[in-house]
Amino acid sequence: MDAILIQILNGLDKGGAYALIALGLTLAFGTLGIVNFAHGALFMLGAFGAVSVQQLLTISKRVKDESITFFDAYKEIPYLEIWWGDTGRMIIDYAVPISILFVIPFMLLIGVLMERGLIKHFYKRTHADQILVTFGLAIVLQELVKAYFGANPIPTPAPAVVSGSAPVGAFFGLGEDLVYPWWRLIYLLASGLIIFAVFAFLKFTTFGMVVRAGMADRETVGLLGINVQRRFTIVFGLAAVVAGVAGALYAPILPPDYHMGMDFLVLSFVVVVVGGMGSLEGAVAAGFLLGILQSFASMNEVKSIIPGIDQIIIYLVAVVILLVRPRGLMGREGVMED
Amino acid sequence: MTKKDTTNSGRRGFLKATAATGVAASAPMFFIKDGHAAAHGGMNFRNNPGKAKSIKLGFNVPQTGAYADEGADELRAFKLAVKHLNGEGDGGMLNTMKPLALKGNGVLGKKVEYVTGDTQTKSDAARASAKRMIEKDGVLMISGGSSSGVAIAVQGLCQEMGVIFMAGLTHSNDTTGKDCRRYGFRHFFNAYMSGRALGPVLKKEYGTDRKAYHLTADYTWGWTQEESIKQTTEELGWKTVKTVRTPVGAGDFSQYITPVLNSGADVLILNHYGKDMINSLTQAVQFGLKDKMVNGKQFEIIVPLFSRLMAQGAGDAIKGILGTTNWNWQLKDAGSQAFVKSFGAEYGFPPSQAAHTCYVQTLLYADACQRAGTFYPPEVIKALEGFNFDGMGNGPTEYRAEDHQCFKDVLVVRGNPNPTSQFDLLQVEQIVPRKQVEYPPTQFGCKLGPYKV
């Protein structure tokens, strides 16, 4: 029972990350019709947003390190710590939550710039061209990050209060031994909130209504005198924000490195396809579904029956679902079929 | 009209001149090459420098990919070694190495130059870049690298091409075991030695009644390390609950760590390196494994192969964790201090174990050429085989003739719980003497192959 509960939690957690990335991806696809291979890079940029804020907060004074006598070595003491002592240390400790405040406007800007500067020139081109140019952009972004931050992962810890693990076992009355990292629980909660916010935004605001109408029939909405394009640009920015925040929150789970976006990209495309191209609900449902399946496939009991199943389960499920439902779980007719 | 003619004849003249220069430039090369062969007693070999005033070495390190930071540190060490060989700087370990044939005026009177390549931590890319350096740049020796997969691939190529390979950081038993080559040499220690060195310390710290769970990087190094550590711990009386292979670069290890939680194991052994080690260790700590009590005992994590660069990446997670390392900058012997001083003065921070092994390898190769009195590989190989030396940071060391593995003391280290500086991340727990980590040369199936290729 313990094992199953922890795998469900872990699956939900993974699923949360998959769903967030897939959500942004399918948002861009559903509105702009763009297959955005740079979406993983946006996730990575968000994570490095957290890294940057951490580095900004820890800008340090170089003090000669007296403990090293062979050569001149220097210790770095953050200015915040020098100026404000414990308060400064606490601000540094909360670097990741603080970074969210900066990542949101930053990613919105990046998203809008990306759409206006590059992607808008590719609306009329084939999907193959779009894939090539966005993939190229992803590589450029990666290399820029690598040139500045280096190739090794950079530890970006969560605040000390939530760096340990939560006694979920005791909470569910299942024994003291069962624990789960606090930050992963927070991630799960945050991904739920973000997904809810995106849906609420699209469902309950006029802006969202126009966007949904535009997704369904762009021409008619345009004929009504509404500038659909501008709204779609903003939606693209929103997709970038979702990816960026997902990345920034992910930084304490996995120390960010320049390649982290690519690792997620392929998976999130599978999620989008399984969910149904252009379907937001599908992307979220498929994200959680595949996360949980992957998590269960990793259990030793399962692996002893089918070795290596954890590596292929997602793709296996994708094949089966596409055979039975060629448009994916919640795919609409007519999307990407012309 | 006249003008046009002039232009035409000018162009023809240029073409003729170019052709003539081309012939002139290529023809003498043949004579020179034969001349060299005669000078070396009729021996001819690939990239023979002959009467040239300089020789070229090829440093093949990961400049991109997951080990790029290690590669960068290796490159720093190589540059420093070349400087010292050419008599520039403070000489570093040339002041402490014993015996020493080098004179600080290059090698056999020739200035040392170098070219670099990018292995990308991929076997095929590493081979391609080594091949380019051998064929295009004419290097006499290849060194560097930060992965056993790469080392074994490049070593095989070097044997085929008759160029000596001085391996960088590679820890798989196979590098000087079943995949050993006559032209390949390894100064770094291996997984078997890590196991032997760790054994007694594990027994003292964690007792003889333990249940171990392995997570293992799924390639040659991971496999051999898992095997060696398993062998050691089972000899202590530990049980192995489960060994799980993880793909290199898995990123999120939570799906591999959650099954550990209720497997009944009370020790987690991470046969991971680089990025994988940083991620798996950080996440294992996040899942509360460090504070867990299982079977009435404190749960323990072991990282058999440690590196300071990685300790930096893992932050606080590393504190208190046991492992082994080939070398640490805080060693107090004269050789280590000379190297750290020289490296620190040049770059402002201490060298990593990867940098150390690459620096030492370059000096060892150069010294062997000097002693052999030639760059002819079979002679240089004979000069390295069975060579005993000291003053290079690991105490008395021997390049074993039978498998080209260096035998020396091994360091058991612990993630420092109270670091006094940003570099003070590993504390040396014990220096395990060479005889405790020794094994017969046939143990891992090494057959070196021919001297002449």
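Two residues are in contact if their C-beta atoms, placed from the backbone, lie within 7 Å. Keep that rule at hand for the helix packing below.

**Before you start**

This is a predicted model, in which local features need pLDDT of at least 70, side-chain atom pairs count only at pLDDT 80 or more, and totals for chains, interfaces and linings use all residues. Residues are numbered from 1 along each chain as its sequence is written, while chains are lettered from A and ligands numbered from 1 in the order in which they are written. Helices (H or I, at least four residues) and strands (E, at least two) are DSSP runs, numbered from the N terminus.

**Stop 1: confidence in chain A**

The mean for chain A is 85, and 95% of its residues reach 70 or more. Select helix H5 (residues 95-117) of chain A: confidence in chain A is highest there, at a mean of 93. Then select helix H7 (residues 168-172) of chain A, where confidence is lowest, at a mean of 75. Where pLDDT is low, the predicted coordinates should not be read in detail.

**Stop 2: H9 against H11 in chain A**

Select helix H9 (residues 206-216) of chain A together with H11(A). Their axes lie 10 Å apart and the packing angle is about 105 degrees. Axes are lines fitted to C-alpha atoms, for helices over the stretch in contact, and angles run from 0 to 180 degrees between N-to-C directions. That angle makes H9(A) roughly perpendicular to H11(A). The naming is by angle: under 35 degrees is roughly parallel, over 145 roughly antiparallel, 65 to 115 roughly perpendicular, and the rest oblique.

Now show side chains. From H9(A), Phe207(A), Val210(A), Val211(A) and Gly214(A) meet Val228(A), Arg231(A), Phe232(A) and Val235(A) of H11(A). The contact divides into 6 nonpolar residues, 1 polar and 1 charged. Here Ala, Val, Leu, Ile, Met, Phe, Trp, Tyr, Cys and Pro count as nonpolar, Asp, Glu, Lys and Arg as charged, and the others, Gly among them, as polar.

**Stop 3: H1 against H11 in chain A**

The contact of H1(A) with H11(A) has 16 nonpolar residues, 2 polar and no charged.

**Stop 4: the A-B contact**

Show both chains. The contact takes 36 residues from chain A and 36 residues from chain B. On the chain A side, H1(A) gives the largest share, 6 residues. That side has 17 nonpolar, 12 polar and 7 charged residues.

**Stop 5: the sheet in chain B**

Select the 5 strands of chain B, which form an open sheet in the order S2-S1-S3-S4-S5, with parallel pairing. Strands pair if DSSP finds at least two bridges between them. Strand S2 (111-118) and strand S5 (184-186) of chain B are the edges, each pairing on one side only. Strand S1 (residues 54-61) of chain B is joined to S2(B) by 8 bridges. Find Val61(B), opposite Asp118(B) in S2(B).

**Stop 6: two backbone details in chain B**

Most residues other than glycine have a negative phi, and most peptide bonds are trans. Go to Lys98(B) and Pro99(B): the peptide bond between them is cis, with omega near -10 degrees. Pro99(B) lies in the loop between helix H2 (68-85) and S2 of chain B. End at Thr121(B), a residue other than glycine with a positive phi, near 55 degrees. Thr121(B) is in the loop between S2 and helix H3 (123-135) of chain B.

Conventions. pLDDT is the predictor's confidence in each residue, from 0 to 100.
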